[in-house]
Amino acid sequence: MKNPREHSWSDGTEPHRIHQDGQLILHHRCIICGRDFAKEEGDGFWRAARVGLLKIEILPEDVNEQWIVEGSPGEILASDRTTLKSQASGHAPKLSNSCPRN
Ligand SMILES: [Zn+2]
């Protein structure tokens with residue numbers, strides 16, 4: 001008989017794999033109690049965790065100008081990926097400090 005205190009993972013035995021701050025984080029959520037657990041790949045133990053809201057960062061003005069002016073390029077651009085990677089340092093202006101232009 002199954003241990004009633006055993007969690008039941010929403011993804012079975014395969015955890016979510018999330019890249020966060022340069023590390024691969026494994027995440028499990030229990031469909032019974034809703035608790036989240038996470039660990040870095042290679043760690044032996046799961047730790048209690050909280051899944052935060054998506055972190056939204058505003059890109060610098062030069063990228064903003066380009067994206068606003070040119071509209072949708074109609075495809076995923078390799079140059080966008082390069083831009084996003086180069087901006088991933090965490091020094092972008094905060095969302096709350098941005099000034100809408102219209
Ligand atoms: Zn549980």
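User: A residue is buried if 20 or more other C-beta atoms, placed from the backbone, lie within 10 Å of its own, exposed if 12 or fewer do, and partly exposed in between. What is the count of buried residues in helix α1?
Analyst: The count is zero among the 10 residues of α1 (residues 61–70), a helix that is hardly covered. This is a predicted model, in which local features need pLDDT of at least 70 and side-chain atom pairs count only at pLDDT 80 or more, whereas totals for chains, interfaces and linings use all residues. Residue numbers start from 1 along each chain as its sequence is written.

User: And what share of the protein is buried?
Analyst: Of the 102 residues in the protein, 3% are buried.

User: How many helices and strands are there?
Analyst: The protein has two helices and four strands, and their order from the N terminus is β-β-β-β-α-α. Both kinds of element are DSSP runs numbered from the N terminus: helices are H or I with at least four residues, strands are E with at least two.

User: What is the strand order in the sheet?
Analyst: The four strands form an open sheet in the order β1-β2-β3-β4, with antiparallel pairing. Its edge strands, each pairing on one side only, are β1 (16–20) and β4 (47–49). On average, neighbouring strands of this sheet are turned by 40° against each other, direction ignored. Axes here are lines fitted to C-alpha atoms, for helices over the stretch in contact, and angles run from 0 to 180 degrees between N-to-C directions. Two strands count as paired if DSSP finds at least two bridges between them.

User: How many bridges join β2 to β3?
Analyst: Five bridges connect β2 (residues 23–29) with β3 (residues 36–40), and the two strands run antiparallel. Within β3, F37 is the bridge partner of H28, and K39 is that of L26. The two strands form a hairpin with six residues between them, and G34 in its turn has a positive phi of about 75°.

User: What about β3 and β4; how many bridges there?
Analyst: Three bridges join this antiparallel pair. A38 stands opposite R47 in β4. The hairpin of β3 and β4 also has six residues between its strands, and G42 takes a positive phi near 100° there.

User: Which residue other than glycine has a positive phi?
Analyst: D21 is one of them, with phi near 55°. D21 sits in the loop between β1 and β2.

User: Why is D21 classed as exposed?
Analyst: D21 counts as exposed because it has 7 C-beta neighbours inside 10 Å.

User: Switching to D36, which residues does it touch?
Analyst: Leaving aside residues up to four places away in sequence, D36 touches H27, R29, A49, R50 and V51. Two residues are in contact if their C-beta atoms, placed from the backbone, lie within 7 Å. D36 lies in strand β3 and counts as partly exposed because it has 17 C-beta neighbours inside 10 Å. Its C-alpha atom is separated by 9.5 Å from that of W46, 10 residues apart along the chain.

User: Last one: what follows α1?
Analyst: G71 follows α1, and its phi is positive, near 65°.
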